[in-house]
Amino acid sequence: MSSAFVMTTRLIWKRAWPLALFCVALFVLGPYVILKIQELMAAPGGCGNAGVFEFGFLFGYYMFQSSLAFLGVSVGVTTGFQKYFLRLPIPSRTIASGMMFTVVTLFLSMQLATNGFYRLLFFDQNWLSDYWPLTGTLLFLVTLTLVGYAVFWLLQAPSLTRLGASVSFIAGMLVWFVSRFYPHGFSGEVVPWVRVTPGEGATMLGVSLGAWYLGTVAFAQIRSGTALPSPAWELLKQGWKTLAVGARSERETDPQTQTAIATLKETHWRDSCRSSVLIGFVLAGVAFCCNLAAFFIWAKPGANLGPLYILPVFFLTYLFLQFAGVVLGGKQAFSLSPKAKQQMKDYWGTVPLTDRELAAALMQNILKSGMLMLLAIVVIGLGASYLLYALIHGLGVISSDWQWLVEYQLVKNVIGLVVIAILSYWSIMLNFISVCWVPRRGVGWWVVLSLPVLLFISVSVSELLPVLRTPVILLDACLILGGTVLAFLHAYRSALIGGKTIWRATLFSLLLCVACWYFSKSDLLLMSGLMIFTVLPFATIPLAISWNRHR
């Protein structure tokens, strides 16, 4: 029994070491190349490395990015063997402990190797001991890894209590870790975590032991098949499915129906969603580079302009969001039928599901891929670029920007712009897909082109005859709302959506109207009518799928 486990562990290391070596070389050679380029560009006799390896840069580059990469490598190579471990005739506690120990050992090896090369190539031992000690940081990351494994296995049988406790505990750990670098408060300067007190060491050791115990217990429950979600979680999951896709099938308990839905979703994901998400992550990387360049071009440290330099970055992020929406819509345009005038693909039309179940499955994949692309561009393209810029120029940039927004009472406007940008992203993407899925696309495109024409006529009439401004805007809003109501009623009568979808869409529309009234009282009707397009695809997409299937 022990020999099988040892052989499996050796197989993990054999699989992990090329990727681990590549990551270590990447995080060592990258700064080394930058250092040599700076020395070539510097004046003769200059040192060249003082300005590059400041504490903020080292924290942002080495600590944040390398830790994420090393943790990803360590966890990725072990989770692939989890199903194989379940079949070994070894106690569950031994298997779970071995996986945790392997991950921690691999992670520590990569961190220590990278730090050793940093000592040899860039700094001496005293510099790293004074400004970048390893003890506290590595102990915390080991603790976080063990907690992450425990949370991962505990959430295989999710419950609201476990989810809330896990999120709160991990967030508290991160806040505590960041506070160790701000002993004088978050408004003070960054101070390296030089000394680990006995209390801190005992706390991290206790948390690690507790995470190890909970992780082994949860893994044993998974292996024995006794780990089941809580009833409240199942109800919440079912409610989320109903809210997200606008349909709830009464046959969901049928194993054949579940198998058909799973096969359909997997086929659709491989056909048109997975490539869209990959392109979205590529766009997120391009957005990161463009936004970082925009920060350095537009930002002027010391100038009393506030965070106005973020406006070009917001524009670039919104532009890449629209690119992502167009990519996803373009990939989905031909997912139902190869060409515009051809019938639906055979496996869509003959799948043993109702129109409602078919529309729900496709809508789930669309929402999932759209959310992944949105998170990638916002988190990587906007958030990571701003964080790296703040780390290079000092974390005081974040607090000064926030104080400037609060001082000039612009927080509400920023929130409104972000919400409108996200809603427009969803609206453009989903409505584009629904138009492309209409069997007669010419009719759909004529409807789309009629909207800007109607808006242009309304604006022209309002400018020429100001008296007619309110009646014209009221007429436009009534046309938009009337078309939306007719679409939802038709989908409801065709049994493509349920009554809950209608009242939830109505509630969401009312909330949009209240928000538009709060942010823009002058154009309440027009803004509310335009924002209604965010809920319209939940009726038009099921209708388009049904029309394609039965034409």
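## Ground rules

The model is predicted, so local features need pLDDT of at least 70, side-chain atom pairs count only at pLDDT 80 or more, and totals for chains, interfaces and linings use all residues. Residues are numbered from 1 along each chain as its sequence is written, and side-chain values use heavy atoms, with hydrogens and water left out.

## The chain as a whole

The chain has 20 helices and zero strands. Both are DSSP runs, numbered from the N terminus: helices are H or I with at least four residues, and strands are E with at least two.

The chain holds 551 residues, and 42% of them are buried. Buried means under 20% relative accessible area, exposed means over 50%, and partly exposed lies in between (1.4 Å probe, protein chains only). Now take the contacts, meaning heavy atoms within 4.5 Å. Among contacts with a separation of 6 or more, 80% join residues 24 or more positions apart.

Two packed helices are described by the angle between their axes and the distance between the axes. Axes are lines fitted to C-alpha atoms, for helices over the stretch in contact, and angles run from 0 to 180 degrees between N-to-C directions. Helix 13 (residues 355-393) and helix 20 (residues 537-550) have axes that come within 9 Å and cross at roughly 125°. The two helices are therefore oblique to each other. Angles under 35 degrees count as roughly parallel, over 145 as roughly antiparallel, 65 to 115 as roughly perpendicular, and the rest as oblique. The crossing of helix 13 with helix 20 is right-handed. A crossing is right-handed if the near helix is turned clockwise from the far one by less than a right angle, and left-handed if anticlockwise. On the helix 13 side, the meeting residues include Asp-355, Leu-358 and Leu-362. On the helix 20 side, they include Pro-537, Phe-538 and Ile-541.

Next come helix 4 (residues 92-121) and helix 6 (residues 135-154). Their axes come within 11 Å and cross at roughly 145°. This crossing is right-handed. Helix 4 brings residues including Met-99, Val-103 and Phe-107. Helix 6 meets them with residues including Leu-138, Val-142 and Trp-153.

## Aromatic rings

A search of the whole structure finds ten aromatic pairs. In one of them, the rings of Phe-320 and Phe-323 have centres 5.9 Å apart and planes at 90°, so the pair is edge-to-face. Rings of Phe, Tyr and Trp (its six-membered ring) pair if their centres lie within 6.5 Å; planes under 30 degrees apart count as stacked, over 60 as edge-to-face and the rest as tilted. Phe-320 and Phe-323 are three residues apart in helix 11 (residues 310-333), so about one helical turn separates them. Phe-320 is buried at 8% relative accessible area, while Phe-323 is partly exposed at 39%.

The rings of Tyr-425 and Trp-426 have centres 5.4 Å apart and planes at 65°, so this pair is also edge-to-face. Both residues are buried. Elsewhere, ring pairs link Phe-140, Trp-176, Phe-177 and Trp-193 into a cluster. A charge also meets a ring: Lys-368 lies over the face of Trp-269, at 4.6 Å from the ring centre. To count, NZ of Lys or CZ of Arg must be within 6 Å of the ring centre and within 35 degrees of the ring normal.

## Residues in loops

Most residues other than glycine have a negative phi. Ala-495 has a positive phi of about 60°, although it is not a glycine. Ala-495 is in the loop between helix 17 (469-493) and helix 18 (499-519). Its relative accessibility is 46%, so Ala-495 counts as partly exposed.

Ser-230 is in the loop between helix 8 (198-224) and helix 9 (231-245). At 19% relative accessibility, Ser-230 counts as buried. Not counting residues up to four places away in sequence, Ser-230 touches Pro-158, Ser-159 and Leu-160.

## Residues in helices

Leu-86 is in helix 3 (residues 82-86). Leu-86 is partly exposed, at 31% relative accessible area. Leaving aside neighbours within four places in sequence, Leu-86 contacts Phe-219 and Arg-223. Leu-86 and Phe-219 are 133 residues apart in sequence, yet 9.6 Å apart in space, C-alpha to C-alpha.

Gly-330 is in helix 11. Gly-330 is partly exposed, at 31% relative accessibility. Gly-330 and Ser-272 are 58 residues apart in sequence and 9.3 Å apart in space, C-alpha to C-alpha.
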